[in-house]
Amino acid sequence: MVESNDRICVQKRADLQYIQFKNLKKYENILTHCFTTRLGGVSKGECNSLNLSFNRNDSRENVISNYHIIAEAIEVDFNKMVLSNQVHGNKIKFVSAEDAGKGLVRDSDIIGYDGLTTNVPGIPLVTFYADCVPVLMLDPVKKAITAVHSGWKSTLGNISGEALEMMKQIYKSDLNDLQIAIGPSICQDCFEVGAEVYEQFKSRYPWCDTYVNSRNEKYYINLQQIIIRVLTDAGVPGQNILVSGVCTKCNNDMFFSYRGDCKRTGSLAAIMMLK
């Protein structure tokens, strides 16, 4: 079981446990955030227990109850939560006040977006994970946030770079001001792929071999370090990027893991809200 350390805080309330990142927690006067675990909900079976996706083998009633549990714990408005609709692409949706509640308490037209961004206070953004890499961005100066779901396909699509461009264009963010947290996700030793995936990374990122190991005709890719390289090459100071260092597959007693649970699993969520 993962515990608090110099990078993350594991918050516990009865059976509920969730993660906060220490670089983002410094700004809790303007930001509420968390990354959920699988602990503390009401779901059963393969989604036991805090599943937050309606697209898993779980009842809608259970998922709604789980949202109420986490919303109360982190003190966000359940009725204003905005959910992403992820397709392993690189599109990011600007969320306005008019989008409040989409995907949870009302129908949503936010379809095909693997990231959400806003500068509107009081709107909790929700993105989903079960091994893919959460990349959470805060501009504490312009008071804007972005969360992206960076699985291997979205990493190839440079979704983190797209997020930086959006923050510069929409909010006039200075990349030197950004605080970025890279959350629990599959580690290099657990992320085994074939030559066809490796070749795509080599084509997209010619420098990627620094972050790839190979053995027995399989390749092991460090997605987190590739994302960090993308961010720092774009101009984000390395000291502004926190990496949780937590593998969801290695710790699937605490986290849902698509690979660790043999594809039969629930969904974790990253939640960010400006105050």
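Me: First one: is K12 buried, partly exposed or exposed?
Reply: This is a predicted model, and in it K12 is partly exposed, at a relative accessible area of 47%.

Me: What does the side chain of K12 meet in a salt bridge?
Reply: The side chain of E3, with N to O at 3.1 Å. E3 is also counted as partly exposed, because its relative accessibility of 43% lies between the 20% and 50% cut-offs.

Me: How many salt bridges does the structure hold?
Reply: 9. One of them pairs D209 with K202 through their side chains, at 2.7 Å from N to O. D209 is partly exposed at 36% relative accessibility, and K202 is partly exposed at 29%. Elsewhere, salt bridges with shared partners link D99, K102 and D109 into one network.

Me: And which residue does E165 form a salt bridge with?
Reply: K168, the closest N and O atoms being 3.0 Å apart. Both residues lie in helix 4, 3 residues apart, which is about one turn of the helix. E165 has a relative accessible area of 35% and K168 has 31%, so each counts as partly exposed.

Me: Changing topic. How many cavities of 30 Å³ or more does a search of the whole structure find?
Reply: 1. The space in the largest cavity is about 40 Å³.

Me: Which elements give two or more residues to its lining?
Reply: Helix 4 (159-171) and helix 6 (223-234). Helix 6 has the largest share, with 3 residues. The lining includes S150, N158, Y205 and V230.

Me: How do the lining residues divide into nonpolar, polar and charged?
Reply: 5 are nonpolar, 4 are polar and none is charged.

Me: Now strand 7. How many of its residues are buried?
Reply: 5 of 5, over residues 125-129.

Me: Which residues sit on which side?
Reply: L125, T127 and Y129 are on one side, with V126 and F128 on the other, and all of these are buried, so both faces are covered. In a regular strand, side chains alternate between the two faces of the sheet.

Me: What stands opposite L125 and Y129?
Reply: V82 stands opposite L125, while Y129 has L268 of strand 15 opposite.

Key: Residues are numbered from 1 along each chain as its sequence is written. This is a predicted model: local features need pLDDT of at least 70, side-chain atom pairs count only at pLDDT 80 or more; totals for chains, interfaces and linings use all residues. Side-chain values use heavy atoms; hydrogens and water are left out. Buried means under 20% relative accessible area, exposed over 50%, partly exposed in between (1.4 Å probe, protein chains only). Helices (H or I, at least four residues) and strands (E, at least two) are DSSP runs, numbered from the N terminus. Two strands pair if DSSP finds at least two bridges between them. On a 1 Å grid over the protein atoms alone, a cavity is a set of points where a 1.4 Å probe fits but cannot get out, and a pocket is an open set with protein on both sides within 12 Å along at least five of seven lines; lining residues have an atom within 4 Å of a point. Grid points are joined across faces, edges and corners, and a volume is the space filled by probe spheres set on the points. Ala, Val, Leu, Ile, Met, Phe, Trp, Tyr, Cys and Pro count as nonpolar, Asp, Glu, Lys and Arg as charged, and the others, Gly among them, as polar. A salt bridge is a side-chain nitrogen of Lys or Arg within 4 Å of a carboxyl oxygen of Asp or Glu.
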